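Biologist: Please put the model up. I want to know what stands behind each label.

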Amino acid sequence: EIRALPGYPQLNVQDWVGQDDFIPRYNIAPNTQAPVIRRVDTGAVKSEEVALEPASSGPLVMHTMRWGIKYGKERGAQAINARSENLVEGVGMWNKFRGRNRCVVLCQGYYEWQTKGKAKLPHFIRHSNPDKIMLMAGLYESTIEKDSSEPTYTFAIVTTDASKGLSWLHDRQPVILSSVEDVMRWLDTSSQTWSAELANLLHPWEDVKAPLECYQVPKEVGKVGAESPTFIQPLSTRKDGIQAMFAKQRTKQEATAKRKREPSSPVPGKSDEIQTEEKKVKRES
């Protein structure tokens, strides 16, 4: 389904590199595999510790990569996001990637946590059209690891300031590419350089005609390894959600009100018996 790129029929993506490595999930976490789109390689990768992909104007391919690019000397340190400000300024580790190692990350939507006091409430953000896939700006790296002749591909998601409509939730959000033209511009690495035109793509999603949909989801999504299709369903509409709880309360209240309105049903013959007894008492007295 994801290979069909729902909502973007004009995108012509050919092969899928590492398709068997991707397992569709509702809870993709750092260090797990996810599909991205990039330009096809045009040259052999040399046996260097870090091998940057050469520029290419060739066809697009889908490629399964691991989320999180290594950085620094500390073991296990990785960057899952790249701040757009650093790309524009050309500072830090992203300067070597921004000119020719750009990709587009595919997903149905993304999770973000709202902080309320000590509580962190997960929310899911997607296009208002649930059948439309979300395309995020990304960067990738191919690394030749020790004792290996094949490169390992990893990626990071480019983030920017949150839109006005989502600033209540978090101060950052992914850069979501809004059109096929923007996708093609981001993936055009033929010049091997960064430009002001590319920088103009790194803005929050502010499409008032097609606003993003955001709703609270269950806290279980925060557990690494947990998996369920209910993770992307609104918490309020689940069987154990808020609306379900209110519906149960309304049912109980309506049943109670109905019982109060209905007259009490007399026990057959009881009233006659009581009346007869009362007459006997009067006569006897």
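This is a predicted model: local features need pLDDT of at least 70, side-chain atom pairs count only at pLDDT 80 or more; totals for chains, interfaces and linings use all residues.

Biologist: Why is tryptophan 113 called partly exposed?

Modeller: Tryptophan 113 has a relative accessible area of 29%. Buried means under 20%, exposed over 50%, and partly exposed in between (1.4 Å probe, protein chains only). The value of 29% lies in between, so the label is partly exposed.

Biologist: Is tyrosine 111 buried or exposed?

Modeller: Tyrosine 111 is buried, at 17%.

Biologist: How many aromatic pairs are there?

Modeller: Eight, from a search of the whole structure. One of them joins tryptophan 94 and phenylalanine 97, 5.8 Å centre to centre with 50° between the planes. Both residues are buried.

Biologist: What makes the pair of tyrosine 111 and tryptophan 113 tilted?

Modeller: Rings of Phe, Tyr and Trp (its six-membered ring) pair if their centres lie within 6.5 Å; planes under 30 degrees apart are stacked, over 60 edge-to-face, the rest tilted. Tyrosine 111 and tryptophan 113 are 6.4 Å apart, centre to centre, with 50° between the planes. Therefore they pair, and the pair is tilted. Tyr111 and Trp113 also share one aromatic cluster with Phe124 and Tyr215.

Biologist: What puts arginine 102 over the face of tryptophan 186?

Modeller: A charge sits over a ring if NZ of Lys or CZ of Arg is within 6 Å of the ring centre and within 35 degrees of the ring normal. Arginine 102 is at 5.5 Å from the ring centre, and it lies over the face.

Biologist: How do you know that β9 and β10 pair?

Modeller: Strands are DSSP runs (E, at least two residues), numbered from the N terminus. Two of them pair if DSSP finds at least two bridges between them. Strand β9 (residues 109-116) and strand β10 (residues 119-127) have eight, in the antiparallel sense. So they pair. Glutamate 112 stands opposite histidine 123 in β10. Two residues lie between the strands of this hairpin, and glycine 117 has a positive phi near 65°.

Note on methods
Residues are numbered from 1 along each chain as its sequence is written. Side-chain values use heavy atoms; hydrogens and water are left out. Helices (H or I, at least four residues) and strands (E, at least two) are DSSP runs, numbered from the N terminus.
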